[in-house]
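Start with the structure below.

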2 protein chains.
Amino acid sequence: MRIPAHIGIIPDGNRRWAENKGLLKEEGYERGLKPGLDLFKLCEEIGIKEITYYGFTMDNTKRPSVQALAFTKACIEAVKLLCHEDASLLVLGNTDSKMFPKELKQYTKRQVFGKGTTKVNFLVNYGWHWDLSRSTDKALKNQNDLLKTLYSSDISRIDLIIRWGGRRRLSGFLPIQSVYSDFYIIDQYWPDFQSQHLYEALEWYNKQDITLGG
Amino acid sequence: MRIPAHIGIIPDGNRRWAENKGLLKEEGYERGLKPGLDLFKLCEEIGIKEITYYGFTMDNTKRPSVQALAFTKACIEAVKLLCHEDASLLVLGNTDSKMFPKELKQYTKRQVFGKGTTKVNFLVNYGWHWDLSRSTDKALKNQNDLLKTLYSSDISRIDLIIRWGGRRRLSGFLPIQSVYSDFYIIDQYWPDFQSQHLYEALEWYNKQDITLGG
């Protein structure tokens, strides 16, 4: 079996889970801790070499503060759990902001725990624009100015991406305009396009909540 | 109904379609022309304001030349068809390379055709790295150096992204490391994580061909 060398984990649905259980939205996050550790151990067994967890983003911190507090606490606890594993651990995110928890500052340089077998990256107060802005170019320091530096600057943010042919990947398609896009995959090959495909995609899109990362 | 303002179209599966019909792989591309025009007209009717078509990429041009010739020809014809529509049309891609068809150079400045109602972007010899490299920063001119300018430079290319909670989007997750990643979506919420989810994702990944955009 071909095993991915590096997997990205987007552990979404904590708030919806809590609501379904009749709990407060913010109570969902701590229930994501055990899954994160279980997943780590499974990947270790399987031999996956690198895991990146999507903790929280700069966008997420705009949510109600009771939620921001809860997901921050869950991330701190998750990192502490991972320190007891054989992990080479890096916490990555914008430490210049007050939303970055001081408890995690010590993990922002990669450290080896135990045998350090699995490389673990944990994103905390991460921002895609922040990530690109380390460059020495002044134009990259501001989100709107960054968009202007693209050759594709005349192409706006994409709401919905429809891909024919069943593959579930971007293949390098406009990485900046797609940061918040919804993806809809159609299994049929493109030459077999039918209007129905577009209608299906639009019906599906109509039911998605649009948060632009928030 | 909430209609997306801008949709991205990844018209994949032309070669697989041709193979299934007992044709040569390269014969699939011209069969993608009518679908592209049909889709444009549907979007126009529905009131979608902007469409971006993924024509071909700099990565794609590394394929056998008979295929590169065929998809280039199909893109030239597709653009010519769109010129007869009410489109504000831009062809975007790296014109410095000999893989950019000279027939399309005249469309690399946005032009209004008919009433110009729908904004159409058609990517031809596009590259995600090329797109980011217009910046004045020298470090962005080379793909490896660009990766080094990221805050996340210690995080490698991601093979598989698994998202829980049913949403089909990246939400700003590492846009550069995910340009070629395969996405697997699990409808269950993250607190309901089960080992089976990971196994399913890995089984699915095992069946994907990995082309890194090629």
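Helix α2 (residues 33-46) of chain A lies across β1 (6-10), β2, β3 (87-92) and β5 of chain A together with β6 (160-164) of chain B, and runs at about 160° to β2(A). Helices (H or I, at least four residues) and strands (E, at least two) are DSSP runs, numbered from the N terminus. Axes are lines fitted to C-alpha atoms, for helices over the stretch in contact (heavy atoms within 4.5 Å). Angles run from 0 to 180 degrees between N-to-C directions.

This is a predicted model: local features need pLDDT of at least 70, side-chain atom pairs count only at pLDDT 80 or more, and totals for chains, interfaces and linings use all residues. Residues are numbered from 1 along each chain, chains are lettered from A and ligands numbered from 1 as written, and side-chain values use heavy atoms, without hydrogens and water.

**Sheet**
- Seven strands form an open, mixed sheet in the order β4(A)-β3(A)-β5(A)-β2(A)-β1(A)-β6(B)-β7(B); strands pair if DSSP finds at least two bridges between them.
- β4 (111-112) of chain A and β7 (182-186) of chain B stand at the edges, each with a single partner strand, so one side of each lacks a neighbour in the sheet.
- Seven bridges join the parallel strands β2(A) and β5(A).

**Aromatic residues**
- Y54(A), Y126(A), W130(A), Y151(B) and F173(B) form one aromatic cluster; rings of Phe, Tyr and Trp (its six-membered ring) pair if their centres lie within 6.5 Å, with planes under 30 degrees apart counting as stacked, over 60 as edge-to-face and the rest as tilted.
- The charged end of R134(A) sits over the ring of Y151(B), 5.9 Å from its centre; this requires NZ of Lys or CZ of Arg within 6 Å of the ring centre and within 35 degrees of the ring normal.
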